[in-house]
Amino acid sequence: MQRDAELAAWIKLSLVPGLGGQSLRKLLAAFGLPQQVLAAGRGALAGVVSTEVAERIVADLDARAVDAALDWAALEGHAVLTLADADYPRQLLETPDPPALLYLRGRRELLARPSLAVVGSRNATPQGMSNAEQFARAFSSAGLTIVSGLALGIDAAAHRGGLEGASSTIAVLGTGADILYPQRNQALGERIAREGLIVSEFALGTPPHGRNFPRRNRVIAGLARGCLVVEAALASGSLITARLAADQGRDVFAIPGSIHSPHAKGCHALIKQGAKLVENAQDLLQELGMHGVDAPVAATATAATGMLAHLGYDPCDIDTLCARSGLTAQAVSAMLLQLELDGKVASLPGGLYQRTA
């Protein structure tokens, strides 16, 4: 019961109109926990925040919004984390503007795992989508949870790849955690809620507003050890995420593309500014010092070259390659993924693979 009262105070304070994160943290520093803030008088509060905000804090708030949030948090697989919780993600806590609350739906333990932000254009090319999914799958298999924003294009492809690996994916929303946007990614979002994690700092029921997505981007960057931009035009919002990641001391990576493609210009600009160029999964894993975690990937990279001999030059399926090599389907799939990332093999319709080099 006491825990509910504490959480209710956090939620109530977070719902005060005009009370931003910086002002909220000032109030907490001055008075203690939210219950103490809410118990303070108008005059004392006005010494820390504006008179208007102080009046809103002491005013009666519609309790239905707080009750709805508490009911939502009590559902299986749901939670609301606060800045005072021991398992609030440390990476995010150490950023300049950590959210006071995180609404969670899914596997909250993913917040404690090493993660990588993978972002890019909404209007992605087929090759960009393929790169995002393949790289994300490789990183997830190597121990990095994939963090992205559930947008169309690169974000969605990155989430799909993350779900295919062992470390899954985290989707950070620019809406309330009860609203999966855009509609075209509804099914993907529901799958992430089951197999990965949905995260939002926004109150339940918050619809998609343009101003909320840059704020979402700082959470994407803040949760991750690094940020990979797969494909981006010069005006892409993913460059905001990359800049925020750099400002937070994270490593920024970018995949280059054709000098003639507008979808590559954002990545090329990042590389000129010091982002690390990524041609394969190992480039990034080594930069992040993932030598212990990525040992199986390194072994796969070495063994994969031998798979080319079994593949030959005609299209071939995994079952046939298993028979030729004597390896398991899991081992063959891992090698084919490495070869795809290295540009030596292409996947074809019908589950077939063919050499390209």
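Predicted model: local features only at pLDDT ≥ 70, side-chain atom pairs only at ≥ 80, totals over all residues.

**Helices, sheet and cysteines**

Two packed helices are described by the angle between their axes and the distance between the axes. Here, α8 (residues 126-141) and α9 (residues 154-164) pack at about 30°, their axes 7 Å apart, and the crossing is right-handed.

Now turn to the sheet. It is open and mixed, with 9 strands in the order β1-β2-β6-β5-β4-β3-β7-β8-β9. The edges belong to β1 (78-82) and β9 (276-277); each has a single partner strand, so one side of each has no neighbour in the sheet. Elsewhere in the order, β3 (residues 115-119) and β7 (residues 226-229) run parallel and are joined by 4 bridges, with V118 finding its bridge partner in L228 of β7.

Helix α6 (residues 63-73) lies across β1 and β2 (101-106), at about 115° to β1. Helix α10 (residues 186-195) touches β2, β5 (169-172) and β6 (197-200), and its direction makes about 105° with that of β6.

Finally, how many disulfides does the structure hold? The count is 0. For C267, the nearest cysteine sulfur is that of C227, 9.9 Å away, and C267 counts as buried because its relative accessibility is 0%. For C316, the nearest cysteine sulfur belongs to C322, 9.5 Å away; C316 is also buried, at 4% relative accessibility.

How values were computed
Residues numbered from 1 in each chain as written. Heavy atoms only, no water. Axes fitted to C-alpha atoms, helices over the stretch in contact; angles between N-to-C directions. Helix = DSSP H or I, 4+ residues; strand = E, 2+ residues; numbered from the N terminus. Left-handed = near helix turned anticlockwise from the far one by under 90°. Disulfide = S-S within 2.5 Å. Buried < 20%, exposed > 50% of the residue type's maximum accessible area, 1.4 Å probe, protein only. Pairing = 2+ DSSP bridges. Contact = heavy atoms within 4.5 Å.
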